[in-house]
Every structure is written in structure tokens, then in C-alpha cells.
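Trainee: Could we walk through this structure together? I would like to learn how to read it step by step.

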Amino acid sequence: MQSLINSMLGGYRLVEELGTGGMATVYKAFQPKLERWVAVKVLDPTYISDDSEVLARFRREAKAIALLRHPNILTVYDYGEEEGLAFIVMEYVESGTLKDQLRGVPFDWERAIALSIGVGRALAFAHERGIIHRDVKPANILLPSQDWPLLADFGLVKLQQSRRALTQAGMILGTPDYTSPEQALGEPTDHRADIYALGVVLFEMVTGRLPYLAEKAFDVLLMHINDPLPRPRDLVPDIPSKLENIIIKALRKSPEERYPAMQDMLDNLVSTQEMTHTPAAGFVTPRIDETLHHATVQIDSIQSALKGPRFIVIATGSLLIIPDKDEVLIGRADPRSNIVPDIDLALYGGGSAGVSRQHARLLRGGDGWAVEDLRSTNGTYVNDQSVSPSRPAPLSDGDSVRCGHLVLTFHIDETDTL
């Protein structure tokens, strides 16, 4: 495919090539209208002329990802076709991928679990909507920060509800190192192929190597089909046996012997993580300036002495008292505006965590408290369930409230009167 550097495509100026895959090239591009950097994935036109189904699959990719608004899934902004070129416009992440950090040395197993939880949440969210990724691998996991994974490149998605397959029977899709046995055999696949691939990624993070190593891709595929899995604890003895069991179950040869759903694997990962109290990936740990340390209060030292509604910032343990008002604005202070939120999350990493200026609103009524999203960019969630604008979600003591990627816990005493 001819280089498109320094050319305009659909209102985007392509300035740098970020990578080339089997069917497309990704460029760093600038969008003058919104003055922002984006990533533009351009399909090789030769594939369109050779196979009309490729363009259909590419369009399907754009539509599939556009429907997936989740803090651990790369955002798609736009899709277009111009002068024989089809392209997808995506969020630009500068800091690289998980592949860049896998250098043959094991990760701390706590971090491996945390990153796997973030990717697993993205996959569970997609699976619930009938979308299978089928190419989960470190190169498709972007890292805006060390503990925040973004799953990208749904180029091989399969919609479970689709009446028409966009791939021929017997075609192997995916990357050999992370390919499930059923994919290697060219058999029909479902969401359990993603569970297998995430298991391979987790194996690689905790051991520093892939489970199956061979010079030829075909030999790797045969090993996925036939060879027994090396036991992770034989390679890294200090990982918990519970974590090893999770990896082994995810990497069963038969899909029926794996976790029946991504959420089941997630539940086991979270329970293993709780042994170390490591924050789950997908949420930004804010950098708080030394001058703000006086505002950071640890939960265990003051919670028992407090009355009234409050939030706890999970990443830092910071206490946020909810003002005595019927409507409480949550967001980030803007020096260019006279609007000042009642709860300013800018002090707790809200900017890097994707919190909007006017993100959400707490409402106090006779039945208690509720939270309403204010059409924020990255959404408001209660216990990982999206909150729709104009449809407040009721809050109970201990509920998790996520604004963008910043997680708060809501607390209110049983004796509080509202």
C-alpha cells in the first residue's frame, strides 16, 4: 500500500505511520476542526478490489466498536470512505502497547492480574452485546498508563446475532501465538476463544514467555491443538496456586472445559486480586501534588468516626464529603468558567481519568440519594452499570460510582436522615 503520509483523508492530515498489519495501516493524524490527534486505520485498497467481503468486514468493525463505550475499550470517533479508501478514526494513545513491555521477563503477578481484569471487563462488556474479538493479544492492548489497558482492533469481530458469516468456513483468524485450538482447526468459534486468548496473555505476563514456542507459525498452531500446557508454577514458583488454576482453566483445549463466560474468569481474578488489595486495571491512579496531601485521609483511620454521606476515592483512600444540598454537581473545575462543581475531581486525577467538567449530579430525595449522568464524555457507572442521562440511578451504602475511569465508593450511615 502506498504511503499516505502528509496527505488529507476525510478531514484528517496523516502525519506518521504507527503500524502496518495484514490488511491495513494505522497513521497518527491531526484533526484541524477539533484540534486533536487521532489514529486513522486505512484499509489496503487491494483487499477491497480482490474481495468485496473485506470491505463489509471493515464496515462491521467500525460499527461494532462504535457501539462499545467502555473505559477499557479504545474509542472510535468516525468512519469514512474517500477516493477508494476506507478508514476508521480512533482515539490516539501515545504511550504504546502491552507488547512493548513484554520483554521476556515476568511481570509482578499482582500487576498481571490487574491488567487482565481490565481487559476481561472489556471482553465481558463486548460479549454481553454479542461481539467476539477473536484477536486478543498484547499488540492490541494499549496502555495509556501502567495500570490502564485499552482493548483495540476489533478487526476480526464476529457478531453472534449475525445471520451471515463474513469469514469462510475453515479460515483461521487471529495470531498463532494466542489462537485457541478451535480457531487453529478452522472450526466455528464463540466467546470462549477470547477467554483462551486472554489466558495466553496472562500466562505470558506472569511467566515472561509464551506457552508454546516454535519457529514456524503452523507448528505453534499444532502445539495449541495437541501439546500439554506447561504449568506456570514450574516456570515461576512464587505465583499463587489459585492464579495458576485460573490460567489452566482458561487454556483448556476444549471450549466446554474453559470458563463458560468471561465474567466467571473475572470473578476468580478479582477474588485472587483481593488477597493483595491491588487496584483493578482500567482506573487511573492519580498523581497528587505534595501540597494536597493534607486532603488525603485514609479510610481506616477516620471512617468509623464519620457521619453523613461521603465518597472514598478508591485509588488513594481520599475522603470526599458530600455537601448538604439536594443537588450536588460532580466534575472538574474550569478556570475559564464560572461553574464550580461541588465535588471537584480534578484534585484526585480527574483530568487524566476522563472526568468531564460537568460530569454527573447527585440528587437527594425522600428515598435517599441517586446519581445522574450529565451527558459526560466517558460515562457514569454504578456498580459497572451505565447510568443514562435523565434517568438517575439510586445509591446504596457501599455502591461503586465510576466517573470516567475514576472510581469512588459511596457511603452513608444507616442512621443518616435525608
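Trainee: How many helices and strands does the protein have?

Mentor: Good place to begin, and keep in mind that this is a predicted model. Counting along the chain from the N terminus, the protein has 21 strands, and its helices number eleven.

Trainee: What share of the residues count as buried?

Mentor: A residue is called buried when its relative accessible area is under 20%. Applied to the 418 residues of the protein, that cut-off gives a buried share of 50%.

Trainee: Which residues does Leu202 contact, leaving aside neighbours within four places in sequence?

Mentor: Contact here means heavy atoms within 4.5 Å. With those sequence neighbours set aside, the partners of Leu202 are Ala112, Ile113, Ser116, Leu243, Ile246, Ile247, Met265 and Leu269.

Trainee: Is Thr75 buried or exposed?

Mentor: Let's find Thr75 before we judge: this residue sits in the loop between α2 (52-66) and β5 (76-82). Not counting residues up to four places away in sequence, Thr75 touches Met90 and Glu91. Its relative accessible area is 18%, and the cut-off is under 20%, so Thr75 is buried.

Key:
Residues are numbered from 1 along each chain as its sequence is written. This is a predicted model: local features need pLDDT of at least 70, side-chain atom pairs count only at pLDDT 80 or more; totals for chains, interfaces and linings use all residues. Side-chain values use heavy atoms; hydrogens and water are left out. Helices (H or I, at least four residues) and strands (E, at least two) are DSSP runs, numbered from the N terminus. Buried means under 20% relative accessible area, exposed over 50%, partly exposed in between (1.4 Å probe, protein chains only).
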